[in-house]
Amino acid sequence: MRIHCQHVWEYISAYIDGEVDAELRAEIDHHLETCEVCSAVLDSTRNLVILVADDRVFELPAGFSHRLHARIDIELRLAGNGDS
Amino acid sequence: MSHPDLQFEADCIRRILAGEKSLFHDLIRPCERAIYFMLLSILRNETEAEDAAQDTVIKIYLNLQSFRGDSQFRTWALSIARNEGLGRLRKAVARREDSLEAETDEQTGDYTPAILTSWREIPSEALEREELGVLLRKAIQGLPEIYRNVVLLRDIEEMDVRETAVALDITEGAVKVRLHRARALLQRDLAPRLKGFAPRRGKLFGWGA
């Protein structure tokens with residue numbers, strides 16, 4: 001069966017996450033072999049998924065953890081009877 | 001993401017409730033990043049997200065005895081973060097026109113991808129360039145809230161579909177649909193603009209022919 005680009009786009013995300021069944025995967029793979037446009041869409045989408053998962057893109061603000069744990073300490077003391 | 005050790009969590013919670021309160025620092029440490037980014041995705045303001053993250057963590061501490069252990073601790077912690085964020089958002093009515101309720105999964109939209117022709121081989125070193133990080137963060141912040149949360153938990157914190165569904169109180173099907181749309185929107189928004197990053201060999205795939 002031949003599938004259309006539109007159909008491939010619909011399943012790009014599931015394809016990247018490995019959530020399409022074997023039959024659909026084979027159809028998509030077959031389509032990708034000959035369709036430059038869909039290969040580009042797949043590759044760029046996959047790049048995005050890799051990039052956003054990179055810790056360097058989303059860093060905590062400097063000092064975040066230090067301030068948070070200082071606040072926890074205050075709260076633990078307020079709560080009283082703490083062991084700290 | 002580091003996979004939480006369930007036994008460690010359970011022991012920790014038991015001991016904290018029994019009085020070893022300072023162990024709470026160790027319990028919360030693996031979750032603090034996800035809590036912050038969940039709140040940033042809802043509030044879209046770093047200062048407020050940090051403030052809300054601190055309040056969330058204190059609420060988690062004060063409500064620890066109500067954690068039933070039927071989900072991962074982090075999932076439970078994130079649902080508290082989400083409630084804190086949404087509560088603050090509601091209080092800030094009219095500060096933004098962007099209505100949370102207006103965005104539904106039924107919404108039809110144009111998810112046609114960007115058909116680009118030269119976004120290949122971005123080197124991972126490109127991330128050291130501040131601009132790329134800025135572009136990505138802005139694009140994600142610009143997504144409608146229902147998509148932003150899912151990207152944050154699935155793609156940034158790399159949580160699985162089930163855990164994401166529980167944390168956001170939506171179905172697993174909705175997680176998948178939203179993630180797909182979010183990625184499609186990001187691809188369309190970012191792919192053409194990322195062409196500017198010099199093609200080089202790297203671990204990434206091509207950006208387009």
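Hi everyone. Let me start with what I mean by a contact: two residues are in contact if their C-beta atoms, placed from the backbone, lie within 7 Å. With that in hand, take chain B of this predicted model: among its contacts between residues at least 6 apart in sequence, 73% join residues at least 24 apart.

Now the layout of chain B. The secondary structure comes to 9 helices and 0 strands, so to read chain B along the sequence is to read α-α-α-α-α-α-α-α-α. Of its 209 residues, 39% count as buried.

How many residues does each side bring to the contact? Domain 1 of chain B gives 12 and domain 2 of chain B gives 12. On the domain 1 side, the elements with two or more residues in the contact are α3 (32-43) and α5 (73-91) of chain B. Of these, α3(B) gives the most, with 5 residues. By class, that side of domain 1 of chain B divides into 5 nonpolar, 5 polar and 2 charged residues.

Let's stay with α3(B) for a moment. First, a geometry check: at 1.5 Å a residue, its 12 residues should span 16 Å, and the end C-alpha atoms are 16 Å apart, which agrees. Next, is this helix enclosed or open? A residue is buried if 20 or more other C-beta atoms lie within 10 Å of its own, and 12 of the 12 residues of α3(B) are buried, so the helix is largely enclosed by the rest of the structure. What covers them?

The contact between the chains takes 45 residues from chain B and 36 residues from chain A. On the chain B side, the elements giving two or more residues are α2 (24-28), α3, α4 (46-62), α6 (130-141), α7 (145-156) and α9 (172-190). By class, this side of chain B has 25 nonpolar, 9 polar and 11 charged residues.

Helix α4 (residues 36-52) of chain A and α9(B) pack at an angle of about 105°, with their axes 9 Å apart. Angles from 65 to 115 degrees count as roughly perpendicular, and α4(A) and α9(B) are therefore roughly perpendicular to each other. From α4(A), the contact is made by A:V41, A:S44, A:T45, A:L48 and A:V49, and from α9(B) by B:R183, B:L186, B:Q187 and B:L190. That contact has 5 nonpolar, 3 polar and 1 charged residues.

Last, two backbone points to look at on your screens. B:R44, in the loop between α3 and α4 of chain B, has a positive phi of about 55° although it is not a glycine. With 17 C-beta neighbours inside 10 Å, B:R44 counts as partly exposed. The other residue is B:D169, in the loop between α8 (161-168) and α9 of chain B. Its phi is near 60°, a positive value in a residue other than glycine. Buried or exposed? B:D169 is exposed, with 10 other C-beta atoms within 10 Å.

Definitions and conventions
Residues numbered from 1 in each chain as written. Chains lettered and ligands numbered in written order. Predicted model: local features only at pLDDT ≥ 70, side-chain atom pairs only at ≥ 80, totals over all residues. Helix = DSSP H or I, 4+ residues; strand = E, 2+ residues; numbered from the N terminus. Nonpolar A, V, L, I, M, F, W, Y, C, P; charged D, E, K, R; others polar. Axes fitted to C-alpha atoms, helices over the stretch in contact; angles between N-to-C directions. Parallel < 35°, antiparallel > 145°, perpendicular 65-115°, else oblique. Expected span 1.5 Å × (residues − 1).
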